[in-house]
Each structure stands twice: as C-alpha cells, then as structure tokens.
Amino acid sequence: MDFCLLSIPWRAIAALGLSALCVGLSRAGEDVPFVTTPDNVTLEMLRAAQVGPGDHVIDLGSGDGRIVILAAKRFGATGLGVEIVPDLVRQSISNAQAAGVAGRVSFREQDLFKTDLAPATVITMYLLPDVNLQLRPALLSLKPGTRLVSHDWDMGDWKPDQTTMVVAPDKKVGLEKSSKVHLWLVPAKVDGLWCGAGLLTGTRLQLSQRYQEIEGTLAHRQRSRKIEGRLEGATLRVLGGRAGELVLEVAGDGLRITAAGGPLTLAQGQVFKRAAADGCG
Ligand SMILES: C[S@@+](CC[C@H](N)C(=O)[O-])C[C@H]1O[C@@H](n2cnc3c(N)ncnc32)[C@H](O)[C@@H]1O
C-alpha cells in the first residue's frame, strides 16, 4: 500500500486504472489506499451537506475517523465510520475518545460494500471513481434527499448537484493542491405516468427521469405542454414554464403541488397519483 501512496500520484492511480495494483499490495483487501482528507476539505464536505445535530453521517472507508469525528464535534451529528483496515479502526476509536465524541460516533471494521447505508442522512466518501460507480446503484436507492458528498471523484453521468473547489495546501497527493467537493441529493423516483385527482381529474403528467433531471408533458384534454424540471430529493421544481412557478413534492404514491403560479394557482395542494397499469382511466 505504501508503494501506492509514495511512488504514484493519487490522480495517476485512478487515471491510469492502477487501483488494482494497489489492491494487490494491500494487507486488508482495501479497494482504495489510505490517504487522509485535509482538515479544511473535511470541513467543506460537512458544510456542503449542511450537516447538523439531526444527522447521521456514514463515512465509507473512514481511515483515521476524521470525517465522522468532525461531524460530531463541530456539527453535533452522530456518525459511523466503516473501515476495512483494523489498525485504522483502532486509531479512529482512540481519536474519537480524545476528541470527546466517543458517545456519538462508532467505527466498524467492515467492507463498505456490505454496509447497510439506509440509516444515513449523509454519506461521505473519499474513494476512487470506479468504487463510486460500483456504489452508485445502492446510493440511488436510498431515501430521497439523502446527501452524498465525495472528495474529488464524481459518479460518471450522474452529475453532482453542486461542486466546490477548495484550496488544499495540506493535500498529501496530486500536484494541484486543490480538492473538489461534490454534493448529490438522492432523487426520488418519479419516472412514469401520473394522473390528476380532485380538481386535477383528467390531467395527466408524463415524466421521464434521468437522475435528478426531468422532462415531461402536462396534458389536459387536447392541450399539452412540455415541461423540464429538476429534483432536489423529493421536491420537483418545474423550470421556467410560461405558466409560472410549479413545485411538486413526492409523498407516498402521490405527487402534491406545493407551489403554483399563474393559471395553475388554484391547483395548489392538489395531487397526482401514479397511473395504474392501464393508464389514467
Ligand atoms: C482515501 S482513504 C479516505 C479516508 C477518510 N475517509 C478520509 O477522507 O480521510 C480510503 C479509505 O478506505 C478504506 N477502504 C478501502 N477499501 C475499503 C473497503 N472495501 N471497505 C472499507 N474500507 C475500505 C481504506 O483503508 C482507506 O482508509
């Protein structure tokens, strides 16, 4: 593992696809070598996710425990660090005790791919691009609105909701001495046909979803208009339509209009239901 850290720049490890070489040299089956996130980047990751006292932060590949320890100490969250190298787990536990947060965080010697992610409101990662991609299906199936933060590496064609560049003079790898902090909100699943109920009876909303990006058609009788929107977790904001503001919220099997302007004002509070197999009837 030291060979990976010392003789090959971190970006080159990923860019050249040499992570397999590192795995070959590792002692505990790591998919990613141990490199720490600099303190100022850790802070930015937690700020980007707006971590607070109600949050439970899971760091996948938690190294020396710094991310969940800071989440607890500075932001009052609870946390779990999952780490495959036993020495790092021991070090994390001792670091948490020294920081006075041992009651709010725990560290588990465990493969990150075998971890139950459902209890997390925030997941942090400093892994590698191919590891992020392997995790992506599990991350996409989490509760809508779960915040995911990745240091440096993205998730392929699932574009981040926000990316921040951070100057990182203490960074141990790479030539640039800067880091990217990517944030995603897990989008609700809204793809398909929705049927208006109540005042909206007879109105159909057909949505096509690509991660958090939405295209669709809103149709009533013979009239229809194309819409484009964006999901922020369970909130769907329809962008710049002629008809004014339109915001919908996924709630159970319904899609409720929580804000509407222009001719749709009266539709506020009305609900679309998922279509049955034979359509809107
Ligand atoms: C780049 S370090 C990041 C450490 C810490 N999260 C941070 O940002 O400072 C990646 C960590 O993931 C751990 N790791 C690699 N593969 C793992 C796996 N399959 N399960 C759990 N931990 C793993 C490594 O041992 C290493 O400590």
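Me: What makes Trp184 count as buried in this predicted model?

Reply: The relative accessible area of Trp184 is 0%. Buried means under 20%, so Trp184 counts as buried.

Me: How do you know whether Trp158 is buried or exposed?

Reply: Trp158 has a relative accessible area of 0%. The cut-off for buried is under 20%, and therefore Trp158 is buried.

Me: How many aromatic pairs does the structure hold?

Reply: The structure holds two aromatic pairs.

Me: Why is the pair of Trp158 and Trp184 called tilted?

Reply: The ring centres of Trp158 and Trp184 are 6.0 Å apart, and their planes stand at 55°. Rings pair if their centres lie within 6.5 Å, planes under 30 degrees apart count as stacked, and those over 60 count as edge-to-face.

Me: Which parts of the chain does the pair of Trp158 and Trp184 link?

Reply: Trp158 lies in the loop between strand 5 (147-151) and strand 6 (162-167), and Trp184 lies in strand 7 (residues 178-185). These two residues are 26 residues apart, and the pair links distant parts of the chain.

Me: Why is the pair of Trp158 and Tyr211 called stacked?

Reply: The centres of these rings, of Trp158 and Tyr211, are 5.9 Å apart and their planes are at 10°. Because planes under 30 degrees apart count as stacked, the pair is stacked.

Me: What does the pair of Trp158 and Tyr211 tie together?

Reply: Tyr211 is in the loop between strand 9 (203-210) and strand 10 (213-220), whereas Trp158 is in the loop between strand 5 and strand 6. The pair therefore ties together parts that are 53 residues apart in sequence. Ring pairs link Trp158, Trp184 and Tyr211 into a cluster.

Me: How do you know whether Tyr211 is buried or exposed?

Reply: The relative accessible area of Tyr211 is 17%. This value is under 20%, so Tyr211 is buried. Tyr211 also has a positive phi of about 55°, although it is not a glycine.

Me: Why is Lys177 described as partly exposed?

Reply: Lys177 has a relative accessible area of 32%. Buried means under 20% and exposed means over 50%, so Lys177, in between, is partly exposed. Lys177 is placed in the loop between strand 6 and strand 7, and its positive phi is about 55° although it is not a glycine.

Definitions and conventions: Residues are numbered from 1 along each chain as its sequence is written. This is a predicted model: local features need pLDDT of at least 70, side-chain atom pairs count only at pLDDT 80 or more; totals for chains, interfaces and linings use all residues. Side-chain values use heavy atoms; hydrogens and water are left out. Helices (H or I, at least four residues) and strands (E, at least two) are DSSP runs, numbered from the N terminus. Buried means under 20% relative accessible area, exposed over 50%, partly exposed in between (1.4 Å probe, protein chains only).
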